[in-house]
Amino acid sequence: MPAFVPPGVIGHNRSLFARNYAILPPDGMFPSLLPGLRNAQVYYQATPLMGARFAQGTLEVFPGGGTAAPRDDGYEHFLYVQSGTLEIAAGRESASLAPGGFAYVPAGTVLSFVNKGAEASRSIWIKRRYVPAPGQDAPAPRFGSRDTTPRTTVDDSGRWRQYLLGTADVSMDFEMNVMGFAPGTHFHCVETHIFEHGLVMLEGQGLQLLDRDWHELWTGDFVWMGSFVPQQFYCTGWEGAAYLLYKDVNRDVE
Ligand code: UGY
Ligand code: MN
């Protein structure tokens, strides 16, 4: 007997790909097997193929899997563990990361990772070409955890942020920020800015404005926002919401 499928469900789709933004819920994503990985796969959500200036995906590493060999591929990398554990090495530094743990691996630093746990691990993986800042030393590797990153509250609006990689270091060419919202809260304005975003809903749900249209976002959804896309977020539901946000910063126009 085939599984019961309610009428209409087959054609239902929340995925959306527009000129300068995209919404990609996890259910429609397909994995890539890559030569540099073994027993691991990547669900790419943003790449230069869609017009983005960075790449982002969900990295799934099965027990015993990881990088096939330590490598310096010329990119800078950011990894944020969502489930399971991952041992990550950046040059001579390494850490065993649990959910909420993250690593920044600068360009020119050898990266490797392995899953030594008994269950598959899932991580958010971002990579991009580093744009050096004249007169600045290149950034060093960093490891940390969302659990130990301070929360900054934004006035008394019920919104908060965690700057996982800091916010004032111009040697960095991107930020990774957790943006948090109490139920019913939203930004003070519709933003329109030069910065590009990759957004992963970590918790809760909300309504996201992209250009002229509102879209419902649920935990696990990915959103790409190109430069100058009008954007606003309203937290809906009874629980708060939080998303992890990539943002390219600190560089002049090319
Ligand atoms: O910092 C930001 O650009 C942030 N407020 N944008 C966003 O959450 N869409
Ligand atoms: Mn923004």
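The legends below accompany an overview and several close-up views of a predicted model.

Figure 1. The C-alpha atoms fill a box of roughly 55 × 50 × 35 Å, taken along the principal axes. A compact globule with 254 residues would have a radius of gyration near 18 Å, and the protein has 18 Å, so its value agrees with that expectation. Buried residues account for 47% of the 254 residues. Of the contacts between residues at least 6 apart in sequence, 68% join residues that are at least 24 apart.

Figure 2. Glutamine 41 belongs to strand S3, which covers residues 37–46. Its relative accessible area is 13%, and because buried means under 20%, glutamine 41 counts as buried. The side chain of glutamine 41 makes a polar contact with the side chain of tyrosine 43, at 3.4 Å. When neighbours within four places in sequence are left aside, glutamine 41 is in contact with Pro31, Ser32 and Leu33, and also with Thr58, Leu59, Glu60 and Phe62. Strand S3 also holds asparagine 39, whose phi is near 55°, a positive value in a residue other than glycine. At 46% relative accessibility, asparagine 39 counts as partly exposed, whereas glutamine 41 is buried.

Figure 3. A search of the whole structure finds 10 aromatic pairs, and one of them joins phenylalanine 174 and tyrosine 246. The ring centres of phenylalanine 174 and tyrosine 246 are 5.5 Å apart and the ring planes stand at 35°, so the pair is tilted. This pair links distant parts of the chain, since phenylalanine 174 is in strand S14 (residues 174–181) and tyrosine 246 is in strand S20 (residues 241–248), 72 residues apart. Both phenylalanine 174 and tyrosine 246 are buried. Together with Phe54 and Tyr104, the residues Phe174 and Tyr246 form one aromatic cluster.

**Figure 4. Two arginines placed over tryptophan rings.** Arginine 14 lies over the face of tryptophan 218, at 3.9 Å from the ring centre. In another such arrangement, arginine 151 lies over the face of tryptophan 160, where the distance from the ring centre is 3.5 Å.

**Figure 5. Aspartate 169 in a loop, with asparagine 250.** Aspartate 169 is found in the loop between strand S13 (159–163) and S14. With a relative accessible area of 30%, aspartate 169 is partly exposed. Not counting residues up to four places away in sequence, aspartate 169 touches Arg142 and Asn250. Asparagine 250 has its place in the segment after S20 and is partly exposed, with a relative accessible area of 33%. The phi of asparagine 250 is near 70°, which is a positive value in a residue other than glycine. From aspartate 169 to serine 227 the separation is 58 residues in sequence and 21 Å in space, taken from C-alpha to C-alpha.

Figure 6. A disulfide is a covalent bond between the sulfur atoms of two cysteines. The count for this model comes to zero disulfides. Cysteine 189 is in no disulfide, and the nearest cysteine sulfur, which belongs to cysteine 235, is 18 Å away. A disulfide needs the two sulfur atoms within 2.5 Å, and the sulfur of cysteine 235 is therefore too far for a bond, at 18 Å from the closest cysteine sulfur, in cysteine 189. Cysteine 189 counts as partly exposed at 31% relative accessibility, whereas cysteine 235, at 4%, counts as buried.

Terms used
Residues numbered from 1 in each chain as written. Chains lettered and ligands numbered in written order. Predicted model: local features only at pLDDT ≥ 70, side-chain atom pairs only at ≥ 80, totals over all residues. Heavy atoms only, no water. Helix = DSSP H or I, 4+ residues; strand = E, 2+ residues; numbered from the N terminus. Buried < 20%, exposed > 50% of the residue type's maximum accessible area, 1.4 Å probe, protein only. Polar contact = N/O pair within 3.5 Å; in protein donor to acceptor, adjacent residues only side chain to side chain. Contact = heavy atoms within 4.5 Å. Phe/Tyr/Trp six-rings, centres within 6.5 Å; stacked < 30°, edge-to-face > 60°. Lys NZ or Arg CZ within 6 Å of the ring centre and 35° of its normal. Rg over C-alpha atoms; globule rule 2.2 N^0.38 Å.
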